[in-house]
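These notes follow a reading of the model with the coordinates open. They are set out as numbered points, to be checked one at a time.

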Number of protein chains: 2
Amino acid sequence: MANSASGDSVTERIVRVLETFSTERTVQTAAEIGRRAGLPSSTAHRMVAELVASGLLERDGARRVRLGMRLWELAGRGSRALRLRQAALPWMERVQARVREHTQLAVLEHGEALFLERLSSPTAGANITRIAGRLPLHASSSGLVLLAFAPDDEREAVLAAPLLPVSAETILEPQALRARLAAIRRDGFVVAEGSIEQVSTGVAVPVRDGRGPVIAALSVVLPREAPTAGAVEELRAAAAGISAALGSAGR
Amino acid sequence: MANSASGDSVTERIVRVLETFSTERTVQTAAEIGRRAGLPSSTAHRMVAELVASGLLERDGARRVRLGMRLWELAGRGSRALRLRQAALPWMERVQARVREHTQLAVLEHGEALFLERLSSPTAGANITRIAGRLPLHASSSGLVLLAFAPDDEREAVLAAPLLPVSAETILEPQALRARLAAIRRDGFVVAEGSIEQVSTGVAVPVRDGRGPVIAALSVVLPREAPTAGAVEELRAAAAGISAALGSAGR
C-alpha cells in the first residue's frame, strides 16, 4: 500500500479521518476533516470522495459528510462486540428492570474501558458513560474490574503510567490501586464510590467467556447514597447468565 | 490515493477485505481473506498487517485475524445507526415485552433493508433476520414499508429491476407490488404473510424522524397463525414514541 511522505499508511490515514467524527461532531466538511486529521486539503478531499464512494461516509447535504451505515454494517458483521452484546443484552435488561438506573457493558480495549452497551432509565441519576465511549481503567468501576483481571503485562503498564484524576476521589497511588485490584480479584466485584463523578457509585462484576478468561465488565451506576448489595447480587446472576450463554453459543 | 493496477482505490480494497467477514466467518487467515477479496496474496498480507496495526482487525492466535473492537468503536461514534437505535431501544423493549416474539428495526440502505437491531424471545418462532444483516425490500415487511415511503427514484429502481423470490409467496409482479405499496402508504402498516418464510408473518410500520421523512421500519415477526391486530397497535405506539424522541433529541 502506498505510504504518504510522512510514512503513514493509507489505512492509518483512513482511521484518522474516521476518528475526527464523534458523538458531538457527526457531520463535517472535507476541509474540517482534513484540518482535524492533519491532512493536506487536497488529500482530505480525495479521501472523502473515496470513502463516500465506498459507503464508509455518506453525503449530508452538498458539502458535508457523516459516517455511513455501511461502516456500521461492516463493523457489526461477525464482530466480537456484537456477539458479546447479543449474549449480554437479555441479562442487562433483567438487571435494568430491577435496578432501574444505568446498566453497562464494557471491554478492555488498548488500555481503557470501552463501553459496548448502556441501558438507562429516563429518571436515572448522573452518568457520563457513552456507548462506544471510553473511561480510564483506574477510575471507573468497569475499568477497575477489567484491570484486576487483565493479563499481568497490561496491568503493570497501567500501574507504571501516571494515574490521572477524573474526580477528587479517583485512586492515584499505584500501591493503593494494587491493593484495590487484589481485593476485586478476591471478592469478584467492586463498589467504586465517587471515583468518576462524586454524586455516583459504580458497581461492577467480571464476565467470563464461558469458563474461560474475563472478557468484559458488567456494571450499574447508582446515586451515591443508594444501597449496593442488591445490585451486586443482580450483577453476579447476570454475569453468570452471560458467561453460560457465551459458553454454549460457540464462536 | 494510490490505485491498484485494476483501478480500484485502497479504500475500496479495504472495504473488500472487511466484507469477507460475516456472522458465520468471524476468523480468517490473510490467505483466506486474499482469496475471498480477490487480492494477490502479498497484497492481502500487507493489508492485513496494516489493518491490524490500525486496530481495524485483531490477531486471533498466530495466523488468524478477526474484526477489531476499534472498527466497532469508530462505526459507533456519531453514527446515524447508533442515534436511531438508542432512540428506538426502549420502545422496542416495550413492544418485545408485550408481543414476545421478534422485534426489529431496519433502515433503507442501498436498495435493501438493513437491520440495526433485533430483540428475540428465547421461545419465539422462525426468523432469518440478523443484526447488520439485509433482506430484499420487496419481500420483508420492513422492506415493504421502507420501499413504500422511499424517494420516488429509489422505489422505481427497485420496481424496474427483477423481483426475485425469497419464498413461494413473495410478490414478483411489479404492478401487484405497486398496489401493495400504495396500500401501505394509505394504511400506515403492512402485514406480510409468508413472504420471507412460509411459517411466519411480518408486521411493520414506518418510523419518522421527528415530524420529517420516514427513516426506518419497526417490525415484529409472528408465527403465521398468530393474530396481528395487537401487534399493529403496539408498533404504531412505539413508532410514535421513537419519532418523538428523535424530534426532541436534535442531531
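1. The model is a predicted one. In chain A, strand β5 (residues 112-120) is joined to β6(A) by three bridges, and the two strands run antiparallel. Within this pairing, Leu114(A) stands opposite Arg134(A) of β6(A).

2. The pairing of β5(A) with β6(A) belongs to an open sheet of six strands in chain A, ordered β6-β5-β4-β9-β8-β7 and paired antiparallel. The edges are taken by β6 (134-136) and β7 (190-193) of chain A; each has a single partner strand, so one side of each is left without a neighbour in the sheet. From one strand to the next, the twist averages 30°.

3. Elsewhere in chain A, helix α1 (residues 10-19) has seven of its 10 residues buried, so the helix is largely enclosed by the rest of the structure. The buried residues of α1(A) are Val10(A), Thr11(A), Arg13(A), Ile14(A), Val15(A), Val17(A) and Leu18(A).

4. Beyond four places in sequence, Val205(A) touches Val145(A), Gly188(A), Phe189(A), Ala216(A), Ala217(A), Leu218(A), Leu235(A), Arg236(A) and Ala239(A). One of these contacts, Val145(A), is 60 residues away along the chain, with 6.4 Å between the C-alpha atoms of Val145(A) and Val205(A).

5. Chain B also has an open sheet of six strands, with the order β6-β5-β4-β9-β8-β7 and antiparallel pairing. Its edge strands are β6 (134-136) and β7 (190-193) of chain B, each of which pairs on one side only. With direction ignored, neighbouring strands in this sheet are turned by 30° against each other on average. Three bridges hold the antiparallel pairing of β5(B) with β6(B), and Glu112(B) has Pro136(B) in β6(B) as its bridge partner.

6. Phe115(B) lies in strand β5 of chain B and is buried, with a relative accessible area of 1%. Which residues does Phe115(B) contact, leaving aside neighbours within four places in sequence? In chain B they are Gln104(B), Leu105(B), Ala106(B), Thr129(B), Arg130(B), Ile131(B), Ala132(B), Gly133(B), Leu135(B) and Ser142(B). Trp72(A), from chain A, is also in contact with Phe115(B). Leu218(B) is 103 residues from Phe115(B) along the chain, and their C-alpha atoms are separated by 9.8 Å.

7. Ser141(B) is found in helix α6 (residues 141-148) of chain B. At 8% relative accessibility, Ser141(B) counts as buried. Apart from neighbours within four places in sequence, its contacts are Val190(B), Ala192(B), Gly202(B), Val203(B), Ala204(B) and Ser219(B). The C-alpha atoms of Ser141(B) and Val221(B) are 8.8 Å apart, against a separation of 80 residues in sequence.

8. Between the chains, 54 residues of chain B are in contact with 55 residues of chain A. Chain B and chain A bury about 5400 Å² between them, and 63% of this is on carbon and sulfur atoms.

9. How many salt bridges are counted between chain B and chain A? The count is six. One salt bridge joins Arg134(A) to Glu73(B), with the closest N and O atoms 2.5 Å apart; Arg134(A) is also the residue of β6(A) that stands opposite Leu114(A). Polar contacts between chain B and chain A come to 10 residue pairs, both residues being at pLDDT 80 or more.

10. On the side of chain B that touches chain A, at least two residues each are supplied by α1 (10-19), α3 (41-54), β3 (64-67), α4 (69-76), α5 (80-99), β4 (102-109) and β5 (112-120) of chain B. Helix α4(B) gives the most to that side, with eight residues.

Technical notes:
Residues numbered from 1 in each chain as written. Chains lettered and ligands numbered in written order. Predicted model: local features only at pLDDT ≥ 70, side-chain atom pairs only at ≥ 80, totals over all residues. Heavy atoms only, no water. Buried < 20%, exposed > 50% of the residue type's maximum accessible area, 1.4 Å probe, protein only. Helix = DSSP H or I, 4+ residues; strand = E, 2+ residues; numbered from the N terminus. Contact = heavy atoms within 4.5 Å. Pairing = 2+ DSSP bridges. Axes fitted to C-alpha atoms, helices over the stretch in contact; angles between N-to-C directions. Buried area = accessible area lost by both parts, 1.4 Å probe. Salt bridge = Lys/Arg side-chain N within 4 Å of Asp/Glu carboxyl O. Polar contact = N/O pair within 3.5 Å; in protein donor to acceptor, adjacent residues only side chain to side chain.
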